[in-house]
Structures are given as C-alpha cells and as structure tokens.
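Student: I am new to this structure and would like a close look at a single part of it. Could you take me through one residue and then show me what surrounds it?

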Amino acid sequence: MKKMKAFMLLMIVLLIAGCAQDTWKSIFTEKLEGMGYTVVEHEVDTLTRVIRSKEEEYKDIHLALFWEVQEFDLSKYEGKTIKYHIYRVKNHPVDLTTELAESTELYLGVIDGEYIGGYSIPYKKGETFL
C-alpha cells in the first residue's frame, strides 16, 4: 500500500512539473510569435543554475554581458535558481549580425515562476559564436 501511495505521489509531481513546462512553452511561444519571430525549435530540457553574488557573476564575461542588459538589480535574485527556457527563432535582429548563423538562440530566464529576462546569441548547429 505504501509503495502504491509513493508511486501515485511521484506521478502527480511529474504531471505537475510537465504541465508547468508546457505552460511556459505555450506562453513563450505565443509571446515570441507575437513579436514577429518564427519559432524554429524549443529545447525540451532547460538550463538551470544558481545566481551568485554580482562580484562572482561578473568574473565570467558571458554572464556579465547578460546582467548588463537586464532591467533589474542582480542582488534581488542572489542565491536563487534561474531556469532558462531555450528557443531558436528566425526574424530576430541577431540574425542580421552574421551570415553564418541559421537562427537566433534565446535563453529566457524564469525565477520562482516569474520571467525575469533573457539573452540571445546567433545559432548554428555545431558552431559556437561566443
């Protein structure tokens, strides 16, 4: 009986987690298409990391570039986990920065169920533009 309850609890947790992921996918896809972008691909997996102090974050140039374009104070989220939802889109201004890219890759950050910002980079499978 305990095994059955544990199994049911696990199934409920997985169902809720899956629904949350689908909800963000739906919200982000609608927003991106509303902005005139064509969604080419959505990564099923997300990238997750814990936000460190501003001093630590700025030691990595890529993270420093991300934080410099956000419209909030980084310290507000220090110690929290950010989950990036990854999309590849066409018709984005980054597409114009290089003829080598197939599309633009967007990393849309969510903390505690709230979209906080993101960043974009040119994308081509097997290539690195950073």
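Tutor: Let us take Gln70, which is buried, with a relative accessible area of 12%, where buried means under 20% relative accessible area, exposed over 50% and partly exposed in between, with a 1.4 Å probe and protein chains only. The model is predicted, so local features need pLDDT of at least 70 and side-chain atom pairs count only at pLDDT 80 or more, while totals for chains, interfaces and linings use all residues. Residues are numbered from 1 along each chain as its sequence is written, and side-chain values use heavy atoms, with hydrogens and water left out.

Gln70 sits in the loop between helix H3 (61-68) and strand E3 (81-90); helices (H or I, at least four residues) and strands (E, at least two) are DSSP runs, numbered from the N terminus. Not counting residues up to four places away in sequence, Gln70 touches Ile116, Gly117 and Gly118, contact meaning heavy atoms within 4.5 Å. With Gly118 there is also a distance to note, as a polar atom of the Gln70 side chain lies 2.9 Å from the backbone oxygen of Gly118.

From Ile116 we can move on to Ile111, since Ile111 is in contact with Ile116 as well as with Ile51, Tyr77, Lys80, Thr81 and Ile82, its neighbours within four places in sequence left aside. As for the whole, the protein has three helices and five strands, which follow the pattern α-β-β-α-α-β-β-β along the sequence, and buried residues make up 33% of its 130 residues.

Note on methods:
Polar contact = N/O pair within 3.5 Å; in protein donor to acceptor, adjacent residues only side chain to side chain.
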